[in-house]
Amino acid sequence: MQNPQNPDITGTAINYLYICQRKLWFYRHDLEMEHTSETVDLGKHLHEESYQREKRREWDIDSLIKIDFIDKHGILHDIKSGTSMETAHIMQICYYLYLLKQKGVPNRKGVINYPRQRKTTEVELTPEREKEVEDAIAKVNEITALPTPPHAEYMKICKSCSYQELCWS
Ligand code: SF4
């Protein structure tokens, strides 16, 4: 069993756990199709165009997480294109904070930036959130270990999901 102190799980996997467990399974089994998704193209464009004045942009930690920027107060920022998956975004940034804590960087605060909506959401890694992150790590491993992808019903987000052809054609 994987050590929750040193998980080999990307921030994207944590995000997918809260969006669609079938999507998570495909992703964890190396069926990466993000380049075909217009939503991802929009996200990449936003990452490139937003907050250009921030000097320290894109921190890659062990190829597991990518922090968009860290501001002058040491607060982590993650840039997102839409608010509809906010729970996934919150858990993703909590995971960033959790991983940094494991590495001896006890930064407890993050902000999710939604430039298109001109909205920010502040996130703090409380002990309760930490427990949620540990549960999420265990759940990601549990879903990954399934021999076949879990069943999913059609949802609104399937329309823009890069795996839609695998699921619905
Ligand atoms: S198309 Fe829908 S059901 Fe299939 S992986 Fe994507 S979100 Fe999940």
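**Entry 1: strands and sheet**

How many bridges join β1 to strand β2? I looked and found four, with β1 and β2 (residues 65-70) running antiparallel. I am working on a predicted model, in which local features need pLDDT of at least 70, side-chain atom pairs count only at pLDDT 80 or more, and totals for chains, interfaces and linings use all residues. My residue numbers start from 1 along each chain as its sequence is written.

I noted how the elements are named. Helices (H or I, at least four residues) and strands (E, at least two) are DSSP runs, numbered from the N terminus. Two strands pair if DSSP finds at least two bridges between them.

I then picked one bridge to follow. Asp 60 has Lys 66 in β2 as its bridge partner.

Next I traced the whole sheet. It is an open sheet of five strands in the order β1-β2-β3-β4-β5, and its pairing is mixed. β1 (57-61) and β5 stand at the edges with a single partner strand each, so one side of each has no neighbour in the sheet. From one strand to the next, the twist averages 35 degrees. For such angles, axes are lines fitted to C-alpha atoms (for helices over the stretch in contact), and angles run from 0 to 180 degrees between N-to-C directions.

Strand β4 (residues 109-114) and strand β5 (residues 119-124) run antiparallel and are joined by six bridges. Gly 110 stands opposite Val 123 in β5. β4 and β5 form a hairpin with four residues between them. In that turn, Arg 118 has a positive phi of about 50 degrees.

**Entry 2: the whole chain**

I counted six helices and five strands. Along the sequence the pattern reads α-α-α-β-β-β-α-β-β-α-α.

I checked burial next. A residue is buried if 20 or more other C-beta atoms lie within 10 Å of its own, exposed if 12 or fewer, and partly exposed in between, with C-beta atoms placed from the backbone. Of the 169 residues in the chain, 28% are buried.

Then I checked contacts (C-beta atoms, placed from the backbone, within 7 Å). Among contacts between residues at least 6 apart in sequence, 63% join residues at least 24 apart.

**Entry 3: the loop between β1 and β2**

Is Asp 62 buried or exposed? Asp 62 is exposed, because I find 10 other C-beta atoms within 10 Å. Asp 62 sits in the loop between β1 and β2. Its phi is positive, about 55 degrees, although Asp 62 is not a glycine.

Ser 63 lies in the loop between β1 and β2. Ser 63 is exposed, with 7 other C-beta atoms within 10 Å. Ser 63 is not a glycine, yet it has a positive phi of about 55 degrees.

I wrote down the general idea before looking. In soluble globular proteins, nonpolar side chains tend to be buried together.

A nonpolar core here is a set of buried Ala, Val, Leu, Ile, Met, Phe, Trp, Tyr and Cys residues joined through C-beta atoms within 7 Å. The largest one has 30 residues, and Cys 94 and Tyr 96 touch the most other members. α1 (11-17), α2, β2, α4 (86-102) and α5 (127-144) each supply at least two residues of this core. α4 gives the most, with ten residues.

I followed Tyr 96. Leaving aside neighbours within four places in sequence, Tyr 96 is in contact with Gly 11, Ile 65, Ile 67, Leu 76 and Gly 110.

**Entry 4: Val 140**

I found Val 140 in helix α5. Why does Val 140 count as buried? Val 140 is buried because 24 other C-beta atoms lie within 10 Å. Beyond four places in sequence, its contacts are Ile 9, Ala 13, Ile 14, Leu 17 and Leu 24. Val 140 and Ile 14 are 126 residues apart along the chain, and their C-alpha atoms are separated by 7.2 Å.

**Entry 6**

Six of the eight residues of α2 are buried, so α2 is largely enclosed by the rest of the structure. The buried ones are Arg 22, Lys 23, Leu 24, Trp 25, Tyr 27 and Arg 28. Their cover includes α1, α5 and α6. Just after α2, Asp 30 takes a positive phi of about 65 degrees.

Technical notes. Two residues are in contact if their C-beta atoms, placed from the backbone, lie within 7 Å.
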